[in-house]
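Here is a friendly walk through one model, meant to be read with the structure open beside you. We will look at a sheet, then at helix contacts, then at a single residue.

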Amino acid sequence: MDNQNKRREKTHRHRRYFLSRNSIYIYIHYIYIYIHTHELTHIYDPHMSSFASSSVAARSVLVQNKVASSGKRNQSKRVSATTQISASMAHKQRKMDIAEAKKLLDKTKTFIFDCDGVIWKGDSLIDGVPETIDMLKSMGKQLFFITNNSTKSRAGYLKKFTSLGLNITAENIFSSSFAAAAYLESIKFDGKVYVVGETGIGEELDLLGIKWSGCEADKGKEVTLSEGLYMDHDKDVSAVIVGFDRHFNYHKIQQATLCIRENPGCLFIATNTDAVTHLTSAQEWAGNGSMVGCIKGSTQQEPIVVGKPSSFMLDYIAEKYSIPKDEICMVGDRLDTDILFGKDGGLSTLLVLSGVTTEDRLLSPKNDIVPDFYTNQLSDLLEAK
Ligand SMILES: [Mg+2]
């Protein structure tokens, strides 16, 4: 074979080789496209049980598996993060020992106590409270008692303190019924109030000479709807106070709604927005948050809240008695009102387990509120004397 023929043969050999190689590539490429077009990749998925599944079902299962595994990963991350947060929060919760109680007594000049769950439970005094109050008084501490319960006035609470054998003056008691009246006084209110609530609010308004309507007078009123029914309302009302009301009814809802919506500049004041309250020892009952929520729903307005955890009562006490807030300790049984109220106000905080908060709830992953200390009950301070 001459040189020319050799070169020709070599060229053919290379061409056949490349054609053959490209064919293989093209063939593989077609197989790849086929597999992906027909969603057959599930054959590599351990979750798939059968090759015979339809492509749509396969895609669906694959997507579900992806979402599930992604969800599990995210859930795992969330659980992990929550566990870390809760572990961190639980770690920060400090049960008060005697040395810490002594330090707390040394640095605190004023104690603010929540009442229900700290001083009493229902109508029963909690063990050791009178002795603890006497001890604190003998140490020259200033004591205030504040409650979100608006059903009584300060005079009404004074009767309760006295009936339980506690020697307290009315000036040391702050209820949210008083706070609502004090708020109106602080803004030099000179209008008329419509009250949704019980007697405590009306009694406090009377003490300040503020005119009001509603309250017990609207107890039991029913609305009988008929074609063309029109409910009149008091055009002179320029503030509506909503407090806990065991006789809440549709008449009161409509009156409050009309005043807030139709009287120009009418204020909407909530004594508190507690979700639940402890009317009986058997269970938690719907609190004033339910009544306030109702009026919020019909007026689409946010109320001015004067009870805990709003700072109004704290600011009032600190200013009236010229008390530096870092010398005050808030003692309460509830995290989302008492302890939050204290922490937001820059006070020391002590949670007692004699009321609604159990140690499990305090240390729960769901809780992110950390009091400075917690202890079983108020009388634990007696050990630090
Ligand atoms: Mg309480």
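## The sheet and its neighbours

Strand 4 and strand 5 (residues 173-175) pair in parallel through three bridges. Here, helices (H or I, at least four residues) and strands (E, at least two) are DSSP runs, numbered from the N terminus, and two strands pair if DSSP finds at least two bridges between them. Before going on, please note that this is a predicted model, in which local features need pLDDT of at least 70, side-chain atom pairs count only at pLDDT 80 or more, and totals for chains, interfaces and linings use all residues. Residues are numbered from 1 along each chain as its sequence is written.

Which order do the six strands of the open sheet follow? The order is 5-4-1-13-14-15, with parallel pairing. Strand 5 and strand 15 (373-375) are the edge strands, as each pairs on one side only. From one strand to the next, the twist averages 20°.

Among contacts between residues at least 6 apart in sequence, 68% join residues at least 24 apart. Two residues are in contact if their C-beta atoms, placed from the backbone, lie within 7 Å.

Now to the helices. Axes are lines fitted to C-alpha atoms, for helices over the stretch in contact, and angles run from 0 to 180 degrees between N-to-C directions.

| Helix pair | Axes come within | Crossing angle |
|---|---|---|
| Helix 6 (residues 176-186) and helix 7 (residues 199-207) | 8 Å | roughly 40° |
| Helix 8 (residues 250-262) and helix 9 (residues 288-299) | 10 Å | roughly 50° |

Helix 6 and helix 7 are therefore oblique to each other. Angles under 35 degrees count as roughly parallel, over 145 as roughly antiparallel, 65 to 115 as roughly perpendicular and the rest as oblique. In this contact, Ser177, Phe178, Ala180 and Ala181 of helix 6 meet Gly200, Ile201, Glu204 and Leu205 of helix 7. By class, five of these residues are nonpolar, two polar and one charged. Ala, Val, Leu, Ile, Met, Phe, Trp, Tyr, Cys and Pro count as nonpolar, Asp, Glu, Lys and Arg as charged, and the others, Gly among them, as polar.

Helix 8 and helix 9 are therefore oblique to each other too. Helix 8 brings Ile253, Ala256, Thr257, Ile260 and Arg261 to the contact, and helix 9 brings Cys294, Ile295, Ser298 and Thr299. Five of the residues in this contact are nonpolar, three polar and one charged.

## A residue in a loop

Is asparagine 263 buried or exposed? Asparagine 263 counts as buried because it has 20 C-beta neighbours inside 10 Å. You will find asparagine 263 in the loop between helix 8 and strand 9 (267-270). Leaving out residues up to four places away in sequence, asparagine 263 touches Lys235, Val237 and Ser238. The C-alpha atoms of asparagine 263 and serine 238 are 6.7 Å apart, although 25 residues separate the two along the chain.

Technical notes: Buried ≥ 20, exposed ≤ 12 C-beta atoms within 10 Å, placed from the backbone.
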